[in-house]
Amino acid sequence: MIKLQNVTKTYKRGADDEVVALDDVTVEVTKGEFVFVVGPSGSGKSTFMKLLTREQLPDGGEIWVAGKNLATLRSWKVPVLRREIGYVFQDFKLLENKTVYENVAFALEVIGRPRREIEKRVPEGLDLVGLSEKSRAHPHELSGGQQQRVSVARAFVNNPRILLCDEPTGNLDPSTSVGVMKLLDRINRTGATVVMATHDQHIVDSMRRRVIELEDGHVVRDQSRGVYGYGG
Amino acid sequence: MTARWTYVIREAFVGLRRNLMMTVAVILSVTVSLTLLGASLLLSEQVDLATDDWTGRVEVSIYLCDDRVCPAITPEQQEQLREDLESQEVVSEVFYESKQDAYDRFTAMFADQESLIDAIDADILPASFRVRLENPNLFNVIADQFSPPYPGVEEVVDQREVLNQFLRFTNVVRTAALVVAAIQLVAAGVLIANTIRVAAFARREQTGIMRLVGASNWYIRLPFVLEGVFAGLIGALVSWGLLWGTVPRVATSLAQDIELMPFIGEAQVIAVGPWLLLAGTGIAAVASILALRRFLDI
């Protein structure tokens, strides 16, 4: 489902100052897996996620996502790739001037889905995240956990094969985080591949899923049923 | 209308409303530039119309001597001159205008300027042969043969010179209007580009989400482009309306004062409209697309 082969990505900072974000990274994630990507700030997690959605292109190596080679993917086909990927942000990124329902519907509207399909799928999505009653509320009327669940509903309403979560619990308190993690786990059990970048040690330790640890752009650990760090 | 078009059009109007001051500025600037453009196009029409009309009417005047500059023409010389003129192939018609005819024409032309008429003696205007040519461009053929020292001729004057002076003047006016219109149009384009960029920046959160959920490029951009095109269209319509409301009226009142030439009317103003619409929407579309090209890249 996701495959990185000897991927290198460097950022230019000034004339001859370079920062190596990812250095010769090779990782494979198969269909239906749940993977944590962990590591300190600046370890390359964000770059890793951005490469998967082709927000950025690698300087070297190959990336395959949902059967597509991102290096050779034509730019006009990038939207097609992104329809296979749901994306959950740390700061939710809900539109304040839209209701919960409209926020979720937006994801379908802007990829040109017919109205009948939208009217069927949005309630299903809100039901999945347990927010059917809040469909007319605006984001600011919701708690952080509820907002994150709306953003999960938006990411998943199109039934993507891959769900990428960038620090989805970063702005949430521990008990709320557990609810969001249960939701992601449930989505994973429907067959979707979930990749989650996180700092949250408790969550990683309690979920006991595959852990890929990055440090200074290298994969320093790739462990099935892992914990956040050695020896805690 | 499918859901996708409803979305695109709704978003365009949301942008226009949210950015009302900028929208008004864009519309005004497009209006000013297109009104100038339309005015210069109509001026060209007017010049063409007048030129066509005059080209058929201009004549060569051969002024006859009357003792003031040269010894007065004798009746024999005058008869000879008429025969020579009529035998020319390029000449289609020859009229004789006596001193009295010339004075009558002069007083008619300046009927409302008595002081001018008072200053002119009936005797001072020379008699002339007025010659109409098959082709007005062949003036030189006549000028070469009949200019002094041809006996009894004081001067040969191509009346096209008078027309040409008028044409040169209108050409300057028209070119100036076109240049100003072009500069205004560029300014309007820059203003539109800037407005669209501001609009796109204001909605960057929304477009960012659209990109990540896989909205296609045109779906992200089209509302912004439509926003610009719509403002351009309104500006074009307003300028068309302005020209329609003023130009025929001005032309009618001028036609009452100046009987020498025909004037353009509503038909020409209507005909110029599609060009204004095309220019307005075209500039707006190009400006919007250029503004978005770098801002909203994948």
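Student: Which residues lie nearest the centre of the second largest pocket, and how many line it?

Tutor: First, the setting: this is a predicted model, where local features need pLDDT of at least 70, side-chain atom pairs count only at pLDDT 80 or more, and totals for chains, interfaces and linings use all residues. Residues are numbered from 1 along each chain as its sequence is written, chains are lettered from A in the order written, and side-chain values use heavy atoms, without hydrogens and water. On a 1 Å grid over the protein atoms alone, a pocket is an open set of points with protein on both sides within 12 Å along at least five of seven lines, while a cavity is a set where a 1.4 Å probe fits but cannot get out; lining residues have an atom within 4 Å of a point. Here 17 residues line the second largest pocket, with K98(A), E102(A), E109(A), Y7(B) and R10(B) nearest its centre.

Student: Which element gives the most to that lining?

Tutor: Elements are DSSP runs: helices (H or I, at least four residues) and strands (E, at least two), numbered from the N terminus. For the second largest pocket, α1(B) gives the most, with seven residues. The elements supplying at least two residues each are α3 (100-109) and α4 (115-128) of chain A and α1 (3-18) of chain B.

Student: How many residues of each chain are in contact where chain A meets chain B?

Tutor: Contact means heavy atoms within 4.5 Å. By that rule, 25 residues of chain A touch 19 residues of chain B. Buried area is the accessible area (1.4 Å probe) that two parts lose on being put together, summed over both; for these chains it is about 1,900 Å², with 62% from carbon and sulfur atoms.

Student: Which side chains form the salt bridge across the interface?

Tutor: A salt bridge needs a side-chain nitrogen of Lys or Arg within 4 Å of a carboxyl oxygen of Asp or Glu. The rule finds one across this interface: R10(B) with E109(A), at 3.5 Å from N to O. Both residues are also among those nearest the centre of the second largest pocket.

Student: What is the volume of the largest cavity, and what lines it?

Tutor: A volume is the space filled by probe spheres set on the grid points, which are joined across faces, edges and corners. The largest cavity has about 120 Å³. Its lining holds 14 residues, including I85(A), R154(A), L212(B) and V213(B). β6 and α5 (144-156) of chain A and α8 (204-213) of chain B each give two or more of these residues.
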